[in-house]
Amino acid sequence: GMVQEDGTFSLQNVGPGEYRLYVPPLIAPFQWGAPNIPQAHRNMYVKSARMGNEDLLQNRLRVEGGAPGQIEVVIGAGGRFNGSVLNERREPASNVTVVIVPEGAYRQRRDLYRTASTDISGRFSMQGIPAASYKAFAFEETPVDAWQSSEFLRPLESRGTTVDIRDGNQTTTDLQVIPATR
């Protein structure tokens, strides 16, 4: 449903079943590459989505017949994360993939994962990050989206850096690159 000027929306003709809530472009299904978010919303994220006591970001919406009820979606101002990536000689590492992966129960939420690439000076920047604790990794080379697999990350967990992101705040951390396995 399209959001009206007063912030309301309506979904029509929803049949019985289980549904996931998407809020494009902040949470979009089947998204390849960086999301195309308008400049005015680039530091925003879906802070919560609820129907009654049900958390629709963690659980599916179950519709059994009739109108399921009111859904409340809250958009928040996300945090920013930036820093530099250094190689084993303490030199800037360019063209490195930096990934932040949520910790704990949030790890199953793929919409919380973020990536960026370092520039020629080894710097990176991310914005619109939901408030949570994350593990940050800097990969010299890695298969696309491999970090979304717990099997891939398990042997690398100790090489990640814990970062706490808070709404509206900036967190700066330097990371050590994880070299490509040859």
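Strand β7 (residues 97-102) pairs with β8 in the antiparallel sense, over 4 bridges. Strands here are DSSP runs of E with at least two residues, numbered from the N terminus. Two strands pair if DSSP finds at least two bridges between them. Within this pairing, V98 stands opposite A116 in β8.

This is a predicted model: local features need pLDDT of at least 70, side-chain atom pairs count only at pLDDT 80 or more, and totals for chains, interfaces and linings use all residues. Residues are numbered from 1 along each chain as its sequence is written, and side-chain values use heavy atoms, with hydrogens and water left out.

**The open sheet**

β7 and β8 belong to an open sheet of 4 strands. The order is β8-β7-β10-β11, and the pairing is antiparallel. Which strands form the edges? They are β8 (114-117) and β11 (161-165), and each pairs on one side only. Neighbouring strands of this sheet are turned by 30° against each other on average, direction ignored. Such angles are taken between axes, which are lines fitted to C-alpha atoms; in general they run from 0 to 180 degrees between N-to-C directions.

**Strand β2 and its partners**

Strand β2 covers residues 44-51.

Two facing positions can be picked out. R50 stands opposite E72 in β5. M51 stands opposite E54 in β3. β2 and β3 form a hairpin with 2 residues between the strands. There, G52 takes a positive phi near 65°.

**The aromatic rings**

Rings of Phe, Tyr and Trp (its six-membered ring) pair if their centres lie within 6.5 Å. Planes under 30 degrees apart count as stacked, over 60 as edge-to-face, and the rest as tilted. How many aromatic pairs does this rule give? The count comes to 4. One of them joins F137 and F139, a stacked pair at 5.8 Å centre to centre with 15° between the planes. The rings of F139 and W147 have centres 6.4 Å apart and planes at 15°, so that pair is stacked too.

Are these residues buried or exposed? F137 and F139 are both buried, and so is W147. Buried means under 20% relative accessible area, exposed over 50%, and partly exposed in between (1.4 Å probe, protein chains only). Ring pairs link F137, F139, W147 and F152 into a cluster.
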